[in-house]
Amino acid sequence: MATGLLIVNLGSPVSPSARDVRRYLQEFLSDQNVITMPKMLWQPILRGFILPFRSWRSATFYQHEWTKAGSPLIAYTQVTRDRLRKKLPDWDVQMAMTYGGEYPIGETLQGMAARGDHPIVVIPLFPEYTQSTTKTILDKVAASGVKTLVIDQFYDQPAYLQLLAQQLDDDYSQDDYDTVILSYHGIPTSMVRHGDPYQQACEATTAGVKRYLKKVPQEKVEMCYQSKFGPVPWLKPYLRNRLMALAALGKRRVLVATPSFVADCLETLEENDVQNYQTFRANGGKVFKSVRPMNGCAPFCDILASLAKETVAAEAQDDETR
């Protein structure tokens, strides 16, 4: 029987309408792996203040970023899936989403299992493990009852780090930049205090990428965190604050990469290409360029295919030695 591969991404509203954006945000922001505040305190804030304002504001921007293929994140995950099917023609390759209603994790896994008794590899498309993304995927995989082999992070793979470095080198060579920032999606510092390995993984990713850079000077590279949400402290330095400081220091040309995501995400597009761009320019910045993520490029799909095959081979070897 064919081996299975399930790639899992965050998810997206089914349309850029305010109603569908609200439904998506309510599901996403009600996940206690994302917002750890007690439900009795959090839900009134979410329903009474956040959703009414954020839903229509986000929907307005999403309408400009929506493509003929739908949400960019869904579309590029489909590209990744389709390329993996070509690279693994004898495998059952599928995709799923954590939130949004389309491509549910449990149903997709159960359908794959029903097609044959074969190993199923699951790869969350988040290079660094954290509670607020990967753990929810693992919880839903476990709830499906399907036996799987999970690759819960891949930030430390040399081929992946080399590809990130190549992306930075390629974009850097197209202009004259004062600073190159690797900006990771932030998480509350309380998660790190409770043992979440995310900060350590982000720092290791940055150090690993720097080892492979050929064109970007080491001294121009720094890292930040973005997407802070709510009143509690998150990992620092905050990207927006750093952009304002850089502009004040006369460093007015910046290149920003977002390694936490391997496909364009609506929230990140809005935050960087609109909010952070405007903040930087308003404080004297001149050039703000975002490095596009992997977006299903062939070299990235080669990395995922190799990881899946290596995982299955290692499991088969373990079975033989038991």
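Two strands pair if DSSP finds at least two bridges between them. Strands (E, at least two residues) and helices (H or I, at least four) are DSSP runs, numbered from the N terminus.

The model is predicted: local features need pLDDT of at least 70, side-chain atom pairs count only at pLDDT 80 or more, and totals for chains, interfaces and linings use all residues. Residues are numbered from 1 along each chain as its sequence is written, and side-chain values use heavy atoms, with hydrogens and water left out.

**Exercise 1. Describe the pairing of strand β7 and the sheet that holds β7.**

Step 1. Take β8 as a partner. Strand β7 and strand β8 (residues 287-290) pair in the parallel sense over four bridges. In this pairing Leu255 has Lys289 of β8 as its bridge partner.

Step 2. Take β5 as a partner. Strand β5 (residues 179-185) runs parallel to β7 and is joined to β7 by four bridges. Thr179 stands opposite Val254 in β7, and Leu182 has Ala257 of β7 as its bridge partner.

Step 3. Four strands form an open sheet with parallel pairing, in the order β6-β5-β7-β8. Its edge strands are β6 (221-226) and β8, each of which pairs on one side only. From one strand to the next, the twist averages 25°. Angles run from 0 to 180 degrees between N-to-C directions, and axes are lines fitted to C-alpha atoms, for helices over the stretch in contact.

Step 4. Check the burial of β7. Buried means under 20% relative accessible area, exposed means over 50%, and partly exposed lies in between (1.4 Å probe, protein chains only). Strand β7 (residues 253-257) is mostly covered, with four of its five residues buried.

**Exercise 2. Locate Met244 and state which residues are in contact with Met244, leaving aside neighbours within four places in sequence.**

Step 1. Find the element. Met244 is in helix α9 (residues 239-248). Helix α9 lies across β5, β6, β7 and β8, running at about 135° to β6.

Step 2. Consider the neighbouring helix. The axes of α9 and helix α10 (residues 266-282) cross at roughly 35° and come within 9 Å. In the contact, Leu239, Arg240, Leu243, Met244 and Ala247 of α9 meet Asn272, Gln275, Asn276, Thr279 and Phe280 of α10. These residues divide into five nonpolar, four polar and one charged.

Step 3. Return to Met244. With neighbours within four places in sequence left aside, Met244 is in contact with Thr279 and Asn283. Met244 and Thr279 are 35 residues apart in sequence, and their C-alpha atoms are 7.1 Å apart in space. Met244 is partly exposed, with a relative accessible area of 31%.

**Exercise 3. Describe the sheet that holds β2 and the helices that lie across β2.**

Step 1. Order the strands. Four strands form an open sheet in the order β2-β1-β3-β4, with parallel pairing. The edge strands are β2 and β4 (149-150), each pairing on one side only.

Step 2. Follow the bridges. Seven of them join strand β1 (residues 4-11) to β2, and these strands run parallel. Gly11 has Tyr99 of β2 as its bridge partner. Strand β3 (residues 120-124) and β4 pair in the parallel sense over two bridges, and Val122 stands opposite Val150 in β4.

Step 3. Check burial. In strand β2 (residues 92-99), eight of eight residues are buried.

Step 4. Helix α1 (residues 18-29) lies across β1 and β2, at about 90° to β2. Helix α5 (residues 131-144) lies across β1, β2, β3 and β4, at about 115° to β2.

Technical notes
Contact = heavy atoms within 4.5 Å. Nonpolar A, V, L, I, M, F, W, Y, C, P; charged D, E, K, R; others polar.
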